Amino acid sequence: MRSSAFHLATVKETPADAEIASHQLMIRTGMIRKLSSGIYSWSPLGLKVLRKVEQIIREEMDRAGCLEMLMPSIQPSDLWQETGRWDVFGPLLLKINDRAGRDFCFGPTHEEVITDFVRAEIRSYKQLPICFYQIQSKFRDEIRPRFGVMRAREFTMKDAYSFHLDDASMSETYQRMHAAYCRVFERMDLAFRPVEADSGAIGGSESHEFQVLAESGEDAIVYSTDSEYAANIETAEALAPPPSTAESNNLEVVDTPNQRTINEVCTHLGVSAAETVKTLIIETTEGQLVALCLRGDHELNEVKASRQAMIGNGWQLASDEKILKACTTPVGYLGPYQLSLPMIVDRAAAALDEFVCGANDLGKHLKHVTWAAVNFDRKDDPIIIADLRNVIEGDPSPDGRGTLKIARGIEVGHIFKLGTKYSESMNAMVQNEGGKPVPMMMGCYGIGVSRIVAAAIEQNHDDRGIIWPQALAPFTVVIVPLNGHKSPRVTEAANTLYEQLMAQGVEVLLDDRKLRPGVMFADAELLGIPHRVVIGEKALDQNQFEYLQRTASENEMIDQDTAFDYLIKQLSGN
């Protein structure tokens, strides 16, 4: 491709609303242009990268035995009513009406549609297992779209769905898809980790995320120093130390007139946050208030809290007004001692022999509190001990091997074992070997195609621009003829190399714009093209070209006569 025949629209300025590198660089290179909040047009340059991501995914899905299809983006509400998700999915679901007033949505996901398709197509266990996939636009009405295509409202996704007679078959496909996802990201040359994860709104049992490692990642992932264990921080278990058996009850009331936060109390009393217990009051969807107690230096894990039977999904922190009405004590002075609310205590907090906490009295805290004292007046409503906190670095790994480290990641893929969640609610049945109708087991496997483009940039860039992995680069080689419009010799040499590489199937950008060399060099680095060849009069006098890899610090001089063979060798990685 010649630059003069290609739409190339780079800009120097960084957009004011672009907070992360990928958003900045995708705008500066002209890969995307904003149409509306969270909605972007992909330029020919950006689409070349997007299509490369799609092709790798498509090849690995086909290799894993999946069948490509295409489902409608617009979905009738009837299907969502069958599964109960029409209301549950919330405002993320963009609801629309046709001219007859019938309810539809722009699909954020396709579990209902594929289940409807399969229940009409698959009748016998002999047709199973089977897995369908598609690559298609989705829409989720994010309350705060940000980071460009990283968290857009409209995005491209690969979603696959498998159907099985039993759990053993589903587990086999699940492992095959896990391996396929690993191959996808390995082929893209991305540093990633598969991690245990929560199933979220999709539902199901076993679940793994695929995280591209990047400092700008929104997700915290944890991994063991001595094993393959890795998990999203939402699901990483904090192992239980032995609960305290201390019986002493030397409670001491201390004045803390202006100390409400953990830091303020610790400074005032000369103790560490690890010696304190904080009490959070949450309100369930049924309006019940529940006290959650954690060590002062630990953070509540909201997913773990939602798994507690008495809490469930949809809870929120109780308002100050409701807390004051129920506990007669303002926030900042709450504690578990003589607190008349259902109470769940985190494992680490329960292991403290004694601790500092709020005295449930304005301007006062307690020292030397034990759980024996807390439980003494709770014989009919004993405390529940559970894993409620986020793990921290240095915690023991849940598999018993090594300790935990924490890194940042960008979720680009997620696989789920759905079980019969959707097949039962939508009556998607097959006849088993005995002729009995049974609901099909399902698996679900998603990859954020457009998000991968941004994640790859987050992991591969410098202060000059993008550094594309070769498998994703819009062009593999850029040829820069210096003042080619003034030098027939330079133009001829550039055209010859260009045609040789094109004939070999190499994607080449010949920058034939009549611009200063510095501008063309800056654009080549900004675009992240892996290999650059500069052809100028002085080098030609020595029968040489100037070659530079995008990640190299210095140029190499290569012979003109062997330049083609040299480049092919570089492209092959040999």
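Student: How far from the centre of the ring of Tyr422 is the charged end of Lys421?

Tutor: This is a predicted model, in which local features need pLDDT of at least 70, side-chain atom pairs count only at pLDDT 80 or more, and totals for chains, interfaces and linings use all residues. Residues are numbered from 1 along each chain as its sequence is written, and side-chain values use heavy atoms, with hydrogens and water left out. A charge sits over a ring if NZ of Lys or CZ of Arg is within 6 Å of the ring centre and within 35 degrees of the ring normal. The charged end of Lys421 does sit over the ring of Tyr422, and its distance from the centre is 5.5 Å.

Student: How many disulfides does a search of the whole structure find?

Tutor: A disulfide is a pair of cysteine sulfur atoms within 2.5 Å. For the whole structure, the number found is 0. Cys182, for instance, is in no disulfide, and the nearest cysteine sulfur is 15 Å away, that of Cys66.

Student: Are the planes of the rings of Tyr547 and Tyr566 stacked, tilted or edge-to-face?

Tutor: Rings of Phe, Tyr and Trp (its six-membered ring) pair if their centres lie within 6.5 Å; planes under 30 degrees apart count as stacked, over 60 as edge-to-face and the rest as tilted. The centres of Tyr547 and Tyr566 are 5.5 Å apart and their planes lie at 80 degrees, so the pair is edge-to-face.

Student: Is Tyr547 buried or exposed?

Tutor: Buried means under 20% relative accessible area, exposed over 50%, and partly exposed in between (1.4 Å probe, protein chains only). Tyr547 has a relative accessible area of 1%, so Tyr547 is buried.
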